[in-house]
Amino acid sequence: MSKLAYACAGLFWCGLLAVANAQAYTPGQHVEKDFRSFAKPLLATYCGDCHGEKDPEANEGNFSLHDLDAVDGINAQAWNSVWAQVTLKQMPPKDMPQLEVVERLQLSDWIVQELSRALKDKGGFQAHLDPGKGNFVDHDLLFGPLPDDIQLQPTSSPARIWRVTPQEHITRLNELINSEPAFDPSKPGLRAHGDAVPTNHGGELKLYFGVDRIIKWQGGTVAYATAVKSVPAVLSSSRDHGLKNYPHFHTVNSAEATQIINIAEDVIRYMAYGPLSIAEPYQITDDPNSIRDKMQGDLRGLPTSIVYNTKIVRPLTPVYDLMKEEGADEEKVRAAVDYLFEALTFRPPAPQESDAYVTIVQQSIGKLGKEEGAILGLSSIFLDRDALFRTELAANGKTDSDGRVMLQDWELGLAVNHAFRYIPPDEALREAIIEGRMRTKADVKREVERMLADDSIRKPRILQFFRDYFDYDLGGYICKDTKALADTGVGGGQGYYFSMFDATASTDRLVELILAEDKDVLKQLLTTDKVVATRSDSIVFGERRSQKETAKSIAEARQRHDAELEAWQKENPGKKPPKSLANKGKNINHKVDEAKLSGDKIYARVGRRSFGAGSMKPDRVLATVPEGQRLGILTHPTWLVSHSDAMDNHAIRRGRWVYERLLGGGIPDVPITVDAMLPDEPHHTLRERMRVTRESYCWTCHQKMDPLGLPFEMYNHAGLFRKTELEKPVDTSGEIIDSGDPELDGEVANAIELIQKIAESERAEQVFVRHAFRFWIGRNETLNDRPVLQDAYRAYKESGGSMKAMLTSLLTSDAFLYRSHSGLDASHGN
């Protein structure tokens, strides 16, 4: 026994006696214990043998508890590591005596409590609130038996305000100036009203003015896109991977507020004047030839290179009515104020809110004149709290015996609307809110089931969940090394990145097709043999040839060309062969055995905005992937590239994704003392270079990730199937280790076998439900959410894997309906 363990032996026995006489414990409650009598003896007894020596190098993992004292701002990082190890049951090791369940829960809650206290004035402690730490809650306690000495309390979520996401915000602005086409049930893949604003050719999220009226321009696509008046998404989103929309992630800073005001002016002017606010009058005509004299010279990329037709397609609103006349009577000002307020906040203003903004507009007009004053005054509404945040404060409801308050009326109605849409509530939901029919669980169930059953109601938030969950939409943002990309077998240049954004739209459509069937949704997504593909996808879904196979393909093509040329010359003696024959075969990609993708034509919403008056055509097909090479979304180029880097695959990232998103495992943060880099050895395979992660200091965590990611080495970092790497046979073997389900653990031959095995497991379905909980409830689950998660999983299972059934369960749960205002409990989400 270490010196630390001996020193604390007496304290430990006192601690044991206290635990033995303790009453039932409620997870997340305030732990009325201190370091000396509670935490120190526990750590000494269970961790002292491995971490009790003073010299760090004499301890396991070079981590010493010898001088660790009560939690403070200086030792917070060390305590954060202890919290992760204890909570994930990595400390003590499995072959050592273990803490009792309640001991472990109390110690974990105590550390979070003390870290929150110690760091309150230093930025706070929020690691436990991050969705990446959601799996730190014991999966077996959530879905398995619960010890008798754990007593749950009725769950709720903290009272909170959510800043809207960049997509939500820019969609609200888009509704003010663009009339989106109505939904066509015969073409469900086409973009329609209610869809999210698409990104542009470079993957940027922007709002474009007047594109539905443009009939001619000078220059190519890039010059055209540069010339169109646009504004970018202002609100930031710092997270690249995983769930993003948690209330505590984002706020609105002063720089963003300034940008929003500037954008508001552009939007209001366009609402009032249309293209006249961004173009010269001569640019608005139905006959471009009539202004030919004004379109001379190189105008590429300039606003004057564009011709707009004379149609009025933008919504004509009370803002237009106010600005088209000289006067500014109160009735028209109020109509414009009330319209803008509801368009931006999704609810009508209260009388005092309407009066306040009318006063602002009138005072502004009095100082600046009608036009400038009205625009500036109305712009203030764009900074209203409810235009940038969605409140769930439950300030006016009745508190129940457990200290919870149920959301009601507009807060509850907008919470339901937010679960599905980026645009305002439809008329049925709006009426239900106004008429006082959004105050009970039955009310919510009625509206949720109605909206889920109505396919004409676009529900892009459901698709966004799958984007966040799978992370398949990041491929266009992975900046590839030019040479490394060429070596994969795909073409380089900007065309590659455009194709990745298009591929995201294809995967979106595949997800929607599986959601429309609504059976075994997760399993189908993991194991479908279908793919939505463009004509150029035959390359990325193809097989990368070896050098020997490439040389053979080149030789065979040359032989065919020589034979055809010889035959033509025999038939046409003395004549010069046509260029088509002379150049035949030069554009063949010999590095790739292209996939044969064919099937029914299918529409898919574009991954970038289609400029101009052109229409989207079904340029994609619903095809079957090559048998034995692909299976489900995790083998599609969108997912594979999204989980790669500039030069190569990223087996660690892929393995971590599988471990966390499918198996529900948790990985502690990388210690700051670790240089998490693989050796730069271009003549060694990735598996060979990853030998460094097998060092004892790293392998504890990497053994759970690496064997899950290495089976995906059957694909290169552009997503092509391959059998060789550096002219060596690819080793695709892997293993599921410590999954939490002994039936899952074991070796796998490749990624397809890995996916098939996990797709059949109940654990993966339960973990899927946990991630859906986080997305729609907006926080990490706790043990007090156990009934909610079990109900949602039961609904999913008994309905045959229905997403609609699971969502109905989650959106009618106490976690969604109730709010609490308690201090520490609110931070835990209880």
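Ala394 is buried, with a relative accessible area of 5%, where buried stands for under 20% relative accessible area, exposed for over 50% and partly exposed for what lies in between, computed with a 1.4 Å probe on protein chains only. The model is a predicted one, in which local features need pLDDT of at least 70 and side-chain atom pairs count only at pLDDT 80 or more, while totals for chains, interfaces and linings use all residues. Residues are numbered from 1 along each chain as its sequence is written, and side-chain values use heavy atoms, with hydrogens and water left out.

Ala394 sits in the loop between strand S7 (389-392) and strand S8 (404-406); helices (H or I, at least four residues) and strands (E, at least two) are DSSP runs, numbered from the N terminus. The phi of Ala394 is near 45°, a positive value in a residue other than glycine. Leu726, which is not a glycine either, has a positive phi of about 55°, and its place is the loop between strand S15 (724-725) and strand S16 (728-729). Leu726 is partly exposed, with a relative accessible area of 43%. Another loop, between helix H4 (76-87) and helix H5 (101-118), holds Pro92, which is joined to Met91 by a cis peptide bond with omega at about 0°.

Turning to a helix, which residues of H17 are buried? They are Asp443, Val444, Glu447, Val448, Met451 and Leu452. Seen down the axis of H17, these buried residues fall within an arc of 150°, so they line one face of the helix, the arc being that of the directions from the helix axis to the C-beta atoms. The face of H17 turned away from this buried side carries the exposed residues Ala442 and Ala453. Among the elements that cover the buried residues of H17 are helix H15 (409-420), helix H16 (427-434) and helix H18 (460-470), with contact taken as heavy atoms within 4.5 Å.

The largest cavity is lined by residues that include Ala503, Ser506, Val531, Asp537 and His636; a cavity is a set of points on a 1 Å grid over the protein atoms alone where a 1.4 Å probe fits but cannot get out, and lining residues have an atom within 4 Å of a point. Helix H20 gives the most to this lining, with four residues.

Notes:
1 Å grid on protein atoms, 1.4 Å probe; cavity = no way out; pocket = protein on both sides within 12 Å on 5 of 7 lines; lining within 4 Å.
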